[in-house]
Amino acid sequence: MLTTLNTSYTDTRAADLAWALGREPLPALATLDLELSGAKLQLRLLGASHQVLLEEERGVCSETVACIRGSSTPLPLGVAKRIGDWEYEFAARVEELTPGQFAGRAQELLALVADHPHGLAGVFPGSPHAFTALLAHRHEGQVHWRTWHAYPEDGQLVATRTRVGVRVPAGALSPVGV
């Protein structure tokens, strides 16, 4: 789903992004509710980037990547945590692109997400290349999502990957060959 966000572009630089787990739902400009094999997932576009809410019978997980006032947790390159019965993995990278590369990459990503049944993208007024996009799927019992945050004025594209899955208790694995 592709939407034009009815707000000003509030993220000013990739370096201003912060990461947080467990935040309450923040006001969203657009949402997409998904059911992925028993997992309820809500993709949320904020005035300051994204939030993903995951709910399963085992619990809930909330990930926020945004310009969060007063946050002391900058965007990490990687995180691996246990959340109840889940293992949570997050990775982020910043791509530096020329204006021509940026325009091409923006068009490619918006086309990928816009018509995908598990995708949500929002374009900010004033620049066709200022956008935030999210794409989710479930694979082998784990929920995955990817996000992209575009900063055309600086030629920066922030890409994130997240995986949340059930933790396998020690001793529950069968020996190889059995």
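How many aromatic pairs does the structure hold? The answer is two, and they come up in point 5 below.

1. A word on the model. It is a predicted model, in which local features need pLDDT of at least 70, side-chain atom pairs count only at pLDDT 80 or more, and totals for chains, interfaces and linings use all residues. Residues are numbered from 1 along each chain as its sequence is written, and side-chain values use heavy atoms, with hydrogens and water left out.

2. The five-stranded sheet. Five strands make an open sheet, ordered β2-β6-β5-β4-β3, with antiparallel pairing. Strands here are DSSP runs (E, at least two residues) and helices likewise (H or I, at least four), numbered from the N terminus; two strands pair if DSSP finds at least two bridges between them. Because β2 (18-21) and β3 each have a single partner strand, they stand at the edges, and one side of each has no neighbour in the sheet. On average, neighbouring strands are turned by 10° against each other, direction ignored; axes are lines fitted to C-alpha atoms, for helices over the stretch in contact, and angles run from 0 to 180 degrees between N-to-C directions. Between the antiparallel strands β3 and β4 there are seven bridges, and Thr-31 sits opposite Arg-44 in β4.

3. The seven-stranded sheet. Here the order is β1-β9-β10-β11-β12-β8-β7, again an open sheet, but with mixed pairing. Its edge strands, β1 (2-4) and β7 (78-83), each pair on one side only. The twist from one strand to the next averages 15°. Helix α1 (residues 99-114) packs on this sheet, touching β1, β8, β9, β10, β11 and β12, and its direction makes about 45° with that of β10. Five bridges hold β9 (residues 119-123) and β10 in antiparallel pairing, with Phe-131 in β10 as the bridge partner of Val-123.

4. The cores. The largest nonpolar core counts 31 residues, and Leu-41, Leu-43, Leu-54 and Trp-145 have the most contacts inside it. Such a core is a set of buried Ala, Val, Leu, Ile, Met, Phe, Trp, Tyr and Cys residues joined through side-chain atoms within 4.5 Å. Strands β3 (30-36), β4 (39-46), β5 (49-56), β6 (59-66), β8 (86-96), β10 (131-139), β11 (142-151) and β12 (156-166) supply at least two residues each to this core. Apart from this core lies another, of 15 residues, including Leu-110, Val-113, Ala-121 and Leu-157. Leu-41 has contacts (heavy atoms within 4.5 Å) beyond four places in sequence with residues including Leu-32, Val-52, Ala-136 and Trp-145.

5. The ring cluster. Trp-19, Tyr-88 and Phe-90 are linked into a cluster by ring pairs. Rings of Phe, Tyr and Trp (its six-membered ring) pair if their centres lie within 6.5 Å; planes under 30 degrees apart are stacked, over 60 edge-to-face, and the rest tilted. Trp-19 and Tyr-88 have ring centres 6.3 Å apart and planes at 35°, so this pair is tilted. Trp-19 and Phe-90 also form a tilted pair, at 6.0 Å centre to centre and 35° between the planes. With Trp-19 in strand β2 and Phe-90 in strand β8, the latter pair ties together parts 71 residues apart in sequence. Trp-19 is buried at a relative accessible area of 10%, and Phe-90 is buried at 3%; buried means under 20%, exposed over 50%, and partly exposed in between (1.4 Å probe, protein chains only).
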